[in-house]
Amino acid sequence: MKQKFDIIESTCIPLPLENVDTDQIIPARFLKAVTRDEKFFGDNLFRDWRYNADGTPKKDFVLNDPRYSGCILVAGKNFGSGSSREHAAWAIAGYGFRVVISSFFADIHKNNELNNFVLPVVVSEEFLAELFDSIAKDAQTKVKVDVPAQTVTNLATGRSERFELNAYKKYCLMNALDDIDYLLEQKDKIEKYEQSR
Amino acid sequence: MNTLFDKIWDAHVVSLIEDGPTQLYIDRLYCHEVTSPQAFDGLRARGIKPLRPEKIFCMPDHNTPTHDQDKEIEDPVSKSQVDALKRNAAEFGLTHYGMMDKNNGIIHVVGPEKGLSLPGMTIVCGDSHTSTHGAMGAVAFGIGTSEVEMVLASQCILQQKPKSMSIRVEGELGKGVTAKDLALYLMSKLTTSGATGYFVEYRGSAVRSLSMEGRLTLCNLSIEMGARGGFIAPDETTFAYLKGREYAPKGEAWDKAVAYWKTLKSGADAVFDKELVFDAADVKPMITYGTNPGMGMAIDANIPALDSIPAEQRPGFQKAMNYMGFEAGQKLLGHPVDYVFLGACTNGRIEDFRAFASIVKGRKKAANITAWLVPGSWMVKQQIEDEGLDKVLEEAGFAVRQPGCSACLAMNDDKIPAGKYAVSTSNRNFEGRQGPGSRTLLASPLTAAAAAVTGVITDPRTLL
C-alpha cells in the first residue's frame with residue numbers, strides 16, 4: 001500500500017503480450033472478496049495463465065519460470081485494458097511489483113496502479129522492444145527507475161528515457177500521500193463550488 | 001475547444017492543481033457490490049462519512065442469481081458481498097435497491113430508466129461500463145475503488161482531463177444492422193486502444209436516428225475502444241425518453257431543465273483533438289472471432305489470414321486462435337454454437353428483447369442450444385410481460401430469467417462451460433470472461449436470436 005518512492009533498481013519479469021486485459025490479471029471469480037487483502041489478490045495474479053484448473057502451476061508461464069524475478073513487470077502495449085476492477089492493481093501490488101513498464105496503458109488501470117503505489121512507466125516502443133530483447137538474452141538484466149529524476153534506464157544497454165509524471169503525483173508518490181488525503185483538505189472549495197451552481 | 005465535452009467538464013471544475021490533475025465535481029455516484037466494499041472500509045478507517053449521501057445510489061447486480069432471487073444466494077461468498085452493500089448503504093444513509101426490489105437491476109440499465117442519469121451531469125461508478133450513461137448527454141466514466149472512496153468522501157475526483165474525439169457516422173444503418181453492430185464495427189477499426197486517452201462524442205445522422213436504447217448500447221461499448229467515455233448530445237429523443245421518469249425534473253423544473261439541456265451541444269466552431277468519419281452503409285451484422293472486442297468482422301467474412309497480421313501482434317493473435325479453437329482465414333458462418341446469452345448492460349433493454357423476439361417468433365429454439373435471456377432490470381422484465389414478449393419467447397422454447405449481469409462476467413452461477421461456444425450480446429470476449437475456458441462470440445440480439453433458432457452462426461438478415 002502506501003509506500004515512498006525514490007530510486008528502484010531491479011531485475012524484471014517479461015510479459016511480451018499486447019492487450020493484456022484486467023480479466024487476465026485477476027479473473028472475475030476472485031472479485032468477491034470484501035476486504036483489500038493484497039496477498040490474496042497477489043496469489044491469484046494471472047491465475048488462469050499461471051495455474052491449471054487443478055491448481056498445479058503451468059510451467060511455461062513466466063511467473064513460474066525460476067529464471068525471472070524482481071519487482072518490475074515489463075508488459076506489451078495496451079496493458080490493463082477492459083474492466084475497471086482495482087483488484088487488478090491490488091494483485092500486481094500484492095505479488096510484489098512496484099513498477100510496470102509498457103509502451104501504453106489503459107486509462108483506468110493506470111490510475112488504479114498509481115492509487116496503489118505501483119508506478120506505471122510509459123516508455124517508447126523502441127525502448128520496450130530493446131528491453132524485451134535484453135531480458136531474453138540475459139534474465140538478470142536490471143532496470144533502474146529513478147522517480148526524482150523521472151528516468152528509466154535499461155542497465156544492460158545503458159539506454160535511458162524520461163517518463164511522464166505530473167508534479168502533484170510525483171510529490172504524492174515520494175511522500176506516500178494519496179488523493180483522498182488531499183481531497184479531504186478541500187472541503188471549503190467544494191462547498192464554495194456547490195453554492196456557485 | 002468549445003466541444004460539449006469541454007462545456008460539461010469545465011462546468012464541474014472545482015479547482016486545478018498546478019502541474020497535476022483537475023478536481024472535478026461529481027453529480028452522481030453509483031455503487032455496486034463488487035467495487036465498493038473496500039471503499040466503505042476506507043471511510044471507516046478514516047472515520048469519515050459520505051459528503052453528499054443524497055447523490056449516491058447503490059444496487060447489487062454482478063453476483064445476483066437469475067432465478068429464485070426471493071431465496072438466499074446459495075454461494076456464501078457472493079451473498080457476503082451483496083449483504084455488505086446493503087449494510088454499508090444502511091450505515092451511511094445511502095439509497096439501496098436490493099434484490100427483489102422492483103427498482104433493482106443492472107446499474108447501467110436502472111440509472112437511465114429511473115431518470116437518475118441526466119444530460120449535463122458528471123456520473124461515475126466503479127465499473128468501466130459507466131460510459132453507458134453518456135447516451136443521456138452526460139460525462140460518465142468508470143473508476144477504480146480508491147476513486148469510489150474519493151467520491152464518497154468528497155463528492156469530487158482527481159482526474160487528468162482527457163482529450164476529445166469526434167466519431168461521426170453518417171447515413172443509414174442497413175436492415176438487420178443494429179447499434180451493437182455499429183459499435184463492434186468501430187472497435188474493429190479502432191482496436192481496443194484506439195480511443196485510449198479520449199472522451200468520444202458520437203455524432204452524425206446515423207447516431208441521431210438511434211433510439212435511446214441503441215444510444216445506450218453504443219455509449220456502453222466506448223470503453224472497449226479504450227475511451228474514458230462516450231456520449232451523445234441530448235436532443236428530442238433524449239427528452240422524450242426522460243419525461244415522466246421517477247427522478248427526472250417535473251413541472252416548471254422540467255421546462256427549465258429542457259431549456260438548459262438544449263444548450264448542451266458542441267459549437268459549430270468546436271475543435272476536437274481527433275475527428276473520425278464513418279459511413280453507416282459500410283456496417284454489416286458483426287461477430288467477434290478472437291479474445292478482445294476489437295477482433296470483430298462482418299458475419300459473412302473470413303477471420304484474417306496470419307500474414308495480414310503485423311508481426312508484433314502475431315503472438316496475441318495466435319494465442320487467441322488457439323483459445324477459440326479457430327484457424328486464421330476460417331469462415332464462421334455455419335459454425336456450431338452451444339450457448340446464447342441475451343442481456344448485460346450492453347443489450348439487456350426492452351428493444352433488445354423485441355429484436356430477439358422478432359426473429360424467434362414462429363420458430364423454435366435449436367436443440368443444441370442452451371439459451372439464457374436475462375433482462376437488465378425488473379422494469380425491463382415487467383415491460384417484456386406487458387408487451388406479451390414473454391409469451392412469444394416461451395412458444396419458441398425460451399424462458400426469461402430474473403435480472404442481473406449474469407453470464408456477461410459469470411460472477412453468479414451462469415457460467416459458460418470450458419470449450420463451449422457462446423453467441424453473446426455482452427461486451428467482452430476476453431479469455432475466461434464468461435467462465436473458465438468459455439469461448440465468446442460477441443454479436444447483436446438479432447444475431448444471437450438467429451444462432452438460437454438455427455444452432456449455428458447465422459446471418460440474421462436471412463431470417464428477417
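## Exercises on a predicted two-chain model

The contact draws 42 residues from chain A and 54 residues from chain B. The model is predicted.

**Exercise 1.** Describe the side of chain A that touches chain B, by helix and by residue class.

*Solution.* Start with the helices. α1 (22-25), α5 (107-115), α7 (167-175), α8 (179-183) and α9 (187-196) of chain A each give at least two residues to this side. Next, find the largest share: α5(A) supplies it, with 5 residues. Then sort the chain A residues that touch chain B by class: 16 are nonpolar, 13 polar and 13 charged.

**Exercise 2.** Work out the strand order of the open sheet in chain A, then say which strands stand at the edges.

*Solution.* The sheet has 7 strands, and its pairing is mixed. Read across, the order in chain A is β4-β3-β2-β1-β5-β6-β7. The edges are β4 (119-122) and β7 (160-162) of chain A. Each has a single partner strand, so one side of each lacks a neighbour in the sheet. Neighbouring strands of this sheet are turned against each other by 25° on average, direction ignored.

Now take one pair. Strands β2 (residues 72-75) and β3 (residues 99-102) of chain A run parallel and are joined by 3 bridges. Within β3(A), A:V100 stands opposite A:L73.

**Exercise 3.** Is helix α5 (residues 145-154) of chain B mostly covered or mostly uncovered?

*Solution.* Count the buried residues, using the cut-off of 20 or more other C-beta atoms within 10 Å. In α5(B), 10 of 10 residues are buried, and the helix is mostly covered. The buried residues include B:T145, B:E147, B:E149 and B:S154. Finally, look past the helix: B:Q155 follows α5(B) and has a positive phi, near 55°.

Note on methods:
Residues numbered from 1 in each chain as written. Chains lettered and ligands numbered in written order. Predicted model: local features only at pLDDT ≥ 70, side-chain atom pairs only at ≥ 80, totals over all residues. Contact = placed C-beta atoms within 7 Å. Helix = DSSP H or I, 4+ residues; strand = E, 2+ residues; numbered from the N terminus. Nonpolar A, V, L, I, M, F, W, Y, C, P; charged D, E, K, R; others polar. Pairing = 2+ DSSP bridges. Axes fitted to C-alpha atoms, helices over the stretch in contact; angles between N-to-C directions. Buried ≥ 20, exposed ≤ 12 C-beta atoms within 10 Å, placed from the backbone.
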